[in-house]
Structure formats: structure tokens, C-alpha cells
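Hello,

Here is the structure I promised to hand over. My notes follow it.

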Amino acid sequence: MEKCDHCQTLVEFAFLKEHQESQCPSVPVTCTECGRKDIPRSQIRAHIDLVNGDCEEIQSSCPWTQIGCRETKLCKYLRLLKRKHEEDSASGHLMLLFQTAMQLFSMVGRTMRESGQLSMNGVNLPKQKDLERYAKQVENTLKENEDLKSKLAQQEERIRQLESSRQNSSNSASAFDSTFVKELLQRLTTEEGKTANLELLLVEANRLSEELQRKVSTAARQQESSNGTTDRLQRQFESMSHSLALRNVMLTDLDESVRQQEVSSHDGILLWKITEFAKKRQDAVSGQQTSFYSPCFFTSRYGYKMCARIYLNGDGIGRGTHISVFFVVMRGEYDALLRWPFRQKVTFMLLDQNNIEHVIDSFRPDPNSSSFQRPRRETNIASGCPTFCPLSELNDHAYVRDDTMFLKVIVDTTDL
């Protein structure tokens, strides 16, 4: 166990780096907005908070826009600008907050009256008329406060003018000014009392605002929980899609195995139908595909597994002049029960579709050749007849008709 240098928590050494990079609440991180680098990870959210944070570069609009403030322009909301806007619009913000609270009371009251409830937690809900009367009183008080502020500003300006002229005026004018100043001071005292009442209303408004913010935070947490559920369902869907794809691959392999079983023979005889001869011959000449394999066939149900390989433009000494045909021993499921090396006679027949003159060639396997030993890979090296049929004879007989050729391979099974 190692002690984290930042939070002093004991962590296993193998996970210490991961802990400091993504979990430790005391590691200093850099604010992406203002570039400040000494902020603990646990305080970064509070630093960039749009309402109470101290980041000087965070881009935001007035936090009161959520309840109707018309100041919607996004800017680098420096604390001085924010404070000035809030001071200039304090009464407007208060009125917006009070209207929002009244709307909430109205909605709650209407809902509870429709459900037969007239009180909540033992407190009677105000009627709609009472709510409208309270709203009217607050609106009048705010207007009166605005008027008083305007008058106060005018009186302060007049006081400054009077004090300026006082130095040049006579003693009688000074006495008059003194009386007038006393009157103004009395009026100022009255205004200060009204301002104190307004401050109480602002405190209550702030309390309501904090309560609304808590409700908004709760809704945000619920939204995050819903997003987590969505992500989990998405991962489950992706897992099921992967499993379905694997099953499709298995079904494809099974279909191929069934198809192979349908075309395979188990008597040592392969009759290979080669279609699209002209295209395959051209591919062989151009080198795009010089050879291809036949379907596999067997000497018996549990016998040798074999196939043929043909080069339509020849291979080795027959390239460009002959068709080359080769015999291939393949790895089978029952090789352990068979006799090795492979010794059976193999006969190739290119069938004349007029049944006049077939091309026939045969050979006996060389027991010393690796081509006829027990296969260790999927197929052994092909062995056969590189000069099986001259290309010049293809047009002399019906070896190709309707763009199709037939090749027959016969394996002698008499001594098996």
C-alpha cells in the first residue's frame, strides 16, 4: 500500500497512478476556461458554477433568465459586470421571482383544490384572489421603491448643488439651506426604513431562489440516472447484436457444410461440371486466377477425402499449351483409420459431350512422394498431369459445349 501525496489515502501501488489521474479529490487540475492550475479536482465544479462560481472567464448569461430576465446576451461574465447588472435590475429580478412564486402557488392550489385538498402540512392554501392581491401589493411596493430611489437621487444631486453654492451664498441663504438639509435628512431616514423592508423581501426572494435551484439540481440528477440506464441498454443491445452476428457466421458455415455434403460423392468417382468456361479460361490466361479446385469427394463414407485442381492455361511444362489436371489428397476426419501412404490408381477423363473421343490419362501414386502421405495440413501438394490435354484439341471435339466442360476423376477402390 502507498500513501497518495495529495489526499493521504492509502492506495495499492498498482492503482496509485489511476487513482491520481481520475479519482483523487485533492489533485490540482487546470480550469479549461480561465487557465487557473491550482484548483483541487473536488472544487472544479464549484469554481465554474454559473451562479456562485469564481471563474472570471466563464461564459454565461444572467442566472435570472430562467425566470424571465431579458438579459440573454452571452459574455465573459466578469464579477463586476454581474454585480452591476444585479444591482441595476434588483427590483425587476425580485418581481420576476415573486411572479414565479405566485404562479407556483396558483398551480399547486388549483391542483389541490381539484383533488379536494384545501391545506398542505396543516397550512391553508391562499385563494387565487388573495394571490392576485398580494402580487398587486408587491408590484405597488416595488414601483413606490423605484419612485423613492429616483427622488432620492434627485435630492442627493440637489444637496450637492446646494453645498457647492453654500460657499458663495450669504448667511441667510446658509440658514435656509441648513433647514432644508435637515428636512432632507428626515426624509432620507424614512426612505432608509422602506429600503430595509425591501431588503427583507430580497432575503425571502433569495431563499425561494435557492429552493428552486435545489429542485432543478434534483431533476438534473434524475436525468443523469436516466442517461445511465440508456447507456446500459445500449451496451446490452450491442452485445446481443454481436451474439447474433456470431450465430449468423455459424449458420453460414453449417449451410456450406450441408451444401458440400450434397455435391460430394462417396464411391471414389467425381463428375465435375465446370461452368462459365470462357470466363475462367480468360482469367487463367490473364493470370487473375490461374487455377481452381473441384468439390471434395470420398472413396467411401469413412474413406479418403480428395479433390481435383485444374489449370485451364496449363501449369509447369504445360503452361500456355495444355490444360493441366492434378489430384489432391485432403485431410479427412477418419485419416487415423486409413492406410498410408495413399496407393490407389487415379484416372482423369475429359468427356467428349458427343461421346466420340474422351481424353483419358491415369497414374499410380508414388508412395515416397509427400503428396500421398497422411495430410498434416488441410491439403497435400497436388500431383497429376501437367500436359493432360492440348489446348489445340478443344475445338476438334465437343469438350466444351454451352460454355460448360465436364471432367471425371476415378479412384480405384477395388482393394480397399
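Buried here means under 20% relative accessible area, exposed means over 50%, and partly exposed lies in between (1.4 Å probe, protein chains only). The model is predicted: local features need pLDDT of at least 70, side-chain atom pairs count only at pLDDT 80 or more, and totals for chains, interfaces and linings use all residues. Residues are numbered from 1 along each chain as its sequence is written, and side-chain values use heavy atoms, leaving out hydrogens and water.

First, the aromatic rings. Rings of Phe, Tyr and Trp (its six-membered ring) pair if their centres lie within 6.5 Å; planes under 30 degrees apart are stacked, over 60 edge-to-face, the rest tilted. That rule gives ten aromatic pairs. Tryptophan 272 and phenylalanine 292 are edge-to-face, because their centres are 5.7 Å apart and their planes stand at 80°. They are 20 residues apart in the chain. Phenylalanine 292 is buried, at 14% relative accessible area. Tryptophan 272 is buried too, at 5%.

Phenylalanine 342 and phenylalanine 372 are stacked, 6.4 Å centre to centre with 20° between the planes.

Next, a charge. The charged end of lysine 280 sits over the ring of phenylalanine 292, 5.0 Å from its centre. The rule asks for NZ of Lys or CZ of Arg within 6 Å of the ring centre and within 35 degrees of the ring normal.

Last, asparagine 368 is exposed, at 70% relative accessibility.

Best wishes

Conventions. Helices (H or I, at least four residues) and strands (E, at least two) are DSSP runs, numbered from the N terminus.
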